[in-house]
Every structure is written in structure tokens, then in C-alpha cells.
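The following explanation goes from the annotated domain to the ligand shell and then to a pair of helices. Please keep the sequence and the model at hand while reading.

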Amino acid sequence: GHQWRGVIREYADRLPTLQGAPVVTLGEGGTPLIHAEWLSDYVGADVHVKFEGLNPTGSFKDRGMTTAISMAAKTGAKAVICASTGNTSASAAAYATKAGMTCGVLVPEGKIAMGKLAQAIAHGAQLLQVDGNFDDCLTLARKLAEAYPIELVNSVNPARIEGQKTAAFEVIDVLGDAPDIHCLPVGNAGNITAYWKGYRESAALPTESDGRASKTPRMWGFQAAGAAPIVLGHPVDEPDTIATAIRIGNPASWTQALAARDESSGLIDAVTDEQILRAHHLISSKEGIFVEPGSAASIAGLLMMHERGEIPSGATVVCTVTGHGLKDPDWALRDSSGRPVQPTKVPVDAVTAARALGLE
Ligand code: F0G
């Protein structure tokens, strides 16, 4: 039989730097591009959701971790390290284990979702909770990688961007061309950099070749309002948002994110936590897609742009939702006013159950 072989093997010809490296894979990529009927109707465009929560560790990071860990294996690395708001650490821990390497992770204490913490521990990472935010963790990780024999697998590692660009290839493979607009959450800004690289490379392929796009999309990136350095034009010392995945005040790929924005005639804007939670609720309750709050920033941005009348009617729009809802499920268990949702209790009795379901 046939199964998806992971992004390195599926896109071998478009990942030249990976040639000759051992392939460390958990079968990442090949995630569904889901046509979003409710969102399409609502915003008057053709909206598709790239559901990256369906990667092996539940986020898009796996695309870049298969490549980063494979490159590390090629150089004989025995240990890797990363700073993380949670997903990178979960992914690094899993792929390092797969490769027989040790993995150190630096996370901001008290600011990463429970599911992600559990993953890093389950995969045997050496977890250090740092008394600081993500930006402090990244500074620390860089210092350790410079001074000790340990490979840095944050998105400042070029192999990460190479792997993550394959998501743009997959979008083009499904739609037959690039979309008009691509919406993404922005944190450390590696992913918007990677998508833009993937789209540019696809548009630069020779005419008639497989996977060629006739155009590049406008890149629309969305930061959380309390952690929006790129929007503000300066670093944010104490970033704050309920979307812990993107709680970042000084993105490593800032310059590349500006290039993606400007070269694509796109934008990078901010969405509030209220907008994020509304989008989080809508995409799960209207589309059947469960994401973590940080991922809902792309949907929140789409809705905001619709409210501003900025979405051309009938445009093809792709929104990437970056991580699975099970990573951080607490947000689904509260109603819009923040109160806990109470399940209805019933005895073992069909009539009572039927009444509770509104069937009687
Ligand atoms: N969405 C999720 C679910 C993330 O975990 C991240 C980043 C982003 C979006 C933003 O992507 O950083 O490439 O702009 N998470 C990193 C981490 C920082 O440590 O897991 P970006």
C-alpha cells in the first residue's frame, strides 16, 4: 500500500539542502486543506483552512523539525536545544527521540499550555522552566548553542524554514495554484518567512512544471495585540496574550516577516484576545476544526479584514491554523463570558435523556 512519506521524501527535489542527509521523519505534512463553507459564506470569499494541528505532534513545527533534526543527524549531533512557547519543544522532543538524540528545552515558566508540557516530558526532553519570557529563553538557547556542542533547532536554523516552506507547496498542489491571500498567525515569524519562501519558489519554477504557481499570494500575518512588536515597530518587553503560542516580544525573523509583507503587498496587523477567542469558538463550532487559541489568530484576522471590507469578493483565501485544540483545551470549556461550561447530568433513563436532548 501507499502512505504519505513525510515532507523530506515527498518534496525531495525541492529541498536541495537535505540531499544526502539521513531522513528522520514521523510522517509529517500532507495535512488537509479543508474548504470552510461557513467562513466562505460569511466573508464572501472562497476560504480554505490548512489544518496543521494534524501533524504528528499536533503542530506545523513538525515540518521544520524533520528537516532540522535530519540535518543535525547528518553532522553527527548528539544533542539539540530550543527555546519554546510549547509547540517547538514538543516537536523537537519527539524528533530528537526518533533520531536517538537528547533534547533540551527552555520554556517560559507558567506560560506554556499543559498539553505541550506533557508532550515534552513524554518524549523525554530535559525541560528547563526559565524565569523569563520566550525572548529570554531564545537568548539563552543561542548562548548555549554557541558555547557547547548542542544544535539549536529554533527557526533561526535555516533547515527549519526549508521544511516549513513545504506547506505552501501542499496548498498549491491542492488548489492548482497559489491563493490570492494567505492568512497566518505570527509569533517568532519563522512560519510567515517559510510560506513566503515556498510561494516564491513555486512561482519561479519553469512553466509547465509540477507544482508551479502562476502568482504569489498576499501574505496577511496577525500578531496578538499584547504581543505585536512588528505592528508597533518596536520590541515589546513584556508581551502578554492568552494565545501563549505567540506570546513573543522580539521575533527572530522580524526582517524576513517585513520582507514577506512588503514583497507580497500584504500586511501584518494585530488582533485582540477577544477577537482570538471569538474566532477560536467560531472555527470549532461552525467548521468542526478544533485549534489552539494562537492558531485562531489567522481566522480572527480574516474576520477583522472582512469587517473592514478588505476581502475582495470571490477571492481564494487560505488560513493556516497552526496547532491542535487538544494542546490547550481549557478555552473551549468556558462560555463567551468566561464561565465554565457545565455538562448536563442525567440518570440512566431514556426519557430523561431524550428531554435533555430536546427530543421530547
Ligand atoms: N501558532 C502556533 C500554534 C505556534 O506554536 C507558533 C509558534 C506560531 C503560531 C507562530 O509561528 O513563530 O513561526 O511566527 N510557536 C513557537 C514555539 C514560538 O516555540 O512553539 P512563528
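UniProt positions are given here in the numbering used for this chain, with feature names shortened, and such annotations may be inferred rather than shown by experiment. The model itself is predicted. An unreviewed UniProt entry lists residues 24–323 as "domain: Tryptophan synthase beta chain-like PALP".

Next comes the ligand. There are 22 residues around the ligand, and those that come nearest are Ser84, Gly187, Asn188, Thr322 and Gly323. Two or more residues of this shell are given by each of the elements α4 (87–99) and α9 (190–203). By residue type, the shell holds 15 polar, five nonpolar and two charged residues. Both domain 1 (7–56 + 160–223 + 256–333) and domain 2 (61–157) supply at least three residues to the shell.

The record also has a "binding site" annotation: the unreviewed UniProt entry lists Asn87, Gly187, Asn188, Ala189, Gly190, Asn191 and Thr322 under that name. These positions are spread over 236 residues of sequence, yet they cluster in space, with a largest C-alpha distance of 14.2 Å. Of the listed residues, Asn87 lies in helix α4.

Helix α4 in turn packs against helix α5 (residues 114–122), with the axes 8 Å apart and an angle of about 20 degrees between them. Angles under 35 degrees count as roughly parallel, and α4 and α5 are therefore roughly parallel to each other. Their crossing is left-handed.

Technical notes
Residues are numbered from 1 along each chain as its sequence is written. This is a predicted model: local features need pLDDT of at least 70, side-chain atom pairs count only at pLDDT 80 or more; totals for chains, interfaces and linings use all residues. A residue is near a molecule or strand if its C-beta atom, placed from the backbone, lies within 6 Å of it. Helices (H or I, at least four residues) and strands (E, at least two) are DSSP runs, numbered from the N terminus. Ala, Val, Leu, Ile, Met, Phe, Trp, Tyr, Cys and Pro count as nonpolar, Asp, Glu, Lys and Arg as charged, and the others, Gly among them, as polar. Domain bounds come from an automatic or database domain assignment. Axes are lines fitted to C-alpha atoms, for helices over the stretch in contact, and angles run from 0 to 180 degrees between N-to-C directions. Angles under 35 degrees count as roughly parallel, over 145 as roughly antiparallel, 65 to 115 as roughly perpendicular and the rest as oblique. A crossing is left-handed if the near helix is turned anticlockwise from the far one by less than a right angle, and right-handed if clockwise.
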